[in-house]
Amino acid sequence: MTNTVYLVGAGPGAPDLLTLRAAKLLAAADIVFHDALVHPDTLALAEHAEKIAVGKRCGKHSTAQRFINKRLIDAARAYAVVVRLKGGDPMLFGRAQEEITALEAAGVRYEVVPGITAALAASAELGISLTQRGVARSVALVTPRVGEGERPSEWARSLANADAGAIYMGAGQAAQIAAALIAAGKPATTPIAIVESASLAESRRVFATLDLLPRLASQFSGPAVILIGPQFRARAQSVRNSAVEEDSAPAPCRRAQSNTD
């Protein structure tokens, strides 16, 4: 077998949301470099592989990207099946391009295996589509976070110009996000939803409006995605007067998990 690095999407969390291809590659893997939030049951599928944590967590020690790149290249020279396991989808806010560029420069063969991204899992969890006929025809997937030395992005303008959106890695910057979106033209009463740990048994869902985002984001400690758009209006309006109300009703086809991250 030709030595190959597989950039594999681990999905939003629940192990049974892996693609069949991802599961087969984990079973065949010689070595797995995995993100911090990958579920233990997902890692357990790589039964015979060496497992190395290279996750990046906000506010905590993380592995430098250039070091990850080098480890992948070195591993490809020693192992037939190298898996770089990333949360969600590798090609969406997963730094896959930096790893692909490094692998190509080193002449290392690679393949990308898509995964379910957090915004889609959150939408499924809520039972509310990210797109709705006559209501939301465009969706922006954005993050306010930028790396050291990178130029500020125009994420707020992009989301303000879309009918709906999903904000990744934003719970820790809730006040700045709300201010930026309101300044970009989004009304303070724009409906939002926050979904924490989408697809897992401990998932939490909250509906409110944009001006309440800083207050309710402080309630979350796990990985969360912020959804914004008119399709959440009915649920947001019902809690507007009471500020914040957590929706604890079971979602359609909810998956029970015995283990947690």
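With everything shown as a surface, the accessible area of the protein comes to about 12,700 Å², and 51% of that belongs to carbon and sulfur atoms. Accessible areas here come from the Shrake-Rupley method with a 1.4 Å probe, and for residues only the protein chains shown count as cover. This is a predicted model, in which local features need pLDDT of at least 70 and side-chain atom pairs count only at pLDDT 80 or more, while totals for chains, interfaces and linings use all residues. Residues are numbered from 1 along each chain as its sequence is written, and side-chain values use heavy atoms, with hydrogens and water left out.

**The whole protein**

Switch to cartoon view and you will find nine helices and 11 strands. Both are DSSP runs numbered from the N terminus: helices are H or I with at least four residues, strands are E with at least two. Of the 261 residues, 48% count as buried. Buried means under 20% relative accessible area, exposed means over 50%, and partly exposed lies in between (1.4 Å probe, protein chains only). Among contacts with a separation of 6 or more, 71% are made by residues 24 or more positions apart; a contact means heavy atoms within 4.5 Å.

**Stop one: strand β10**

Select residues 224-228, which make up strand β10. How many of its five residues are buried? The count is five of five.

Strand β7 (residues 164-168) runs antiparallel to β10 and is joined to it by four bridges. Within that pairing, A166 stands opposite L227. Strand β8 (residues 191-196) also pairs with β10 in the antiparallel sense, over five bridges. Here I192 has I228 as its bridge partner.

**Stop two: salt bridges**

Side chains of opposite charge can pair when their charged atoms come close. A salt bridge is counted when a side-chain nitrogen of Lys or Arg is within 4 Å of a carboxyl oxygen of Asp or Glu. The whole structure has eight of them.

Select E99 and R84 to begin with: their closest N and O atoms are 3.2 Å apart. This pair links distant parts of the chain, with E99 in helix α4 (residues 96-105) and R84 in strand β4 (residues 81-86), 15 residues apart. Are these two buried or exposed? Both E99 and R84 are buried.

Next, go to D74 and K70, whose side chains meet in a salt bridge at 2.8 Å, N to O. They are separated by about one helical turn because they are four residues apart in helix α3 (residues 65-76). D74 is partly exposed, at 33% relative accessible area.

For another example, pick R157 and E154, which form a salt bridge at 3.6 Å, N to O. R157 is exposed, with a relative accessible area of 52%, whereas E154 counts as partly exposed at 48%.

**Stop three: the loop between β4 and α4**

Select F93, which lies in the loop between β4 and α4. F93 has a positive phi of about 55° although it is not a glycine. R95 is in the loop between β4 and α4 too, and its phi is near 55°, again a positive value in a residue other than glycine. F93 is partly exposed at 35% relative accessible area, and R95 is partly exposed at 38%.

**Last stop: N3**

Finally, select N3, in the segment before β1 (4-9). N3 is partly exposed, with 29% relative accessibility. Although N3 and A76 are 73 residues apart in sequence, their C-alpha atoms are 5.8 Å apart in space. Leaving aside neighbours within four places in sequence, N3 is in contact with A76, R77, A78, Y79, A80 and R109. Zoom in on its side chain: a polar atom there lies 2.7 Å from the backbone oxygen of A76, and the side chain of N3 also reaches the backbone oxygen of Y79 at 3.0 Å.

Key
A polar contact is a pair of N or O atoms within 3.5 Å; within protein, one must be able to donate a hydrogen and the other to accept it, and residues adjacent in sequence count only if both atoms are side-chain atoms. Two strands pair if DSSP finds at least two bridges between them.
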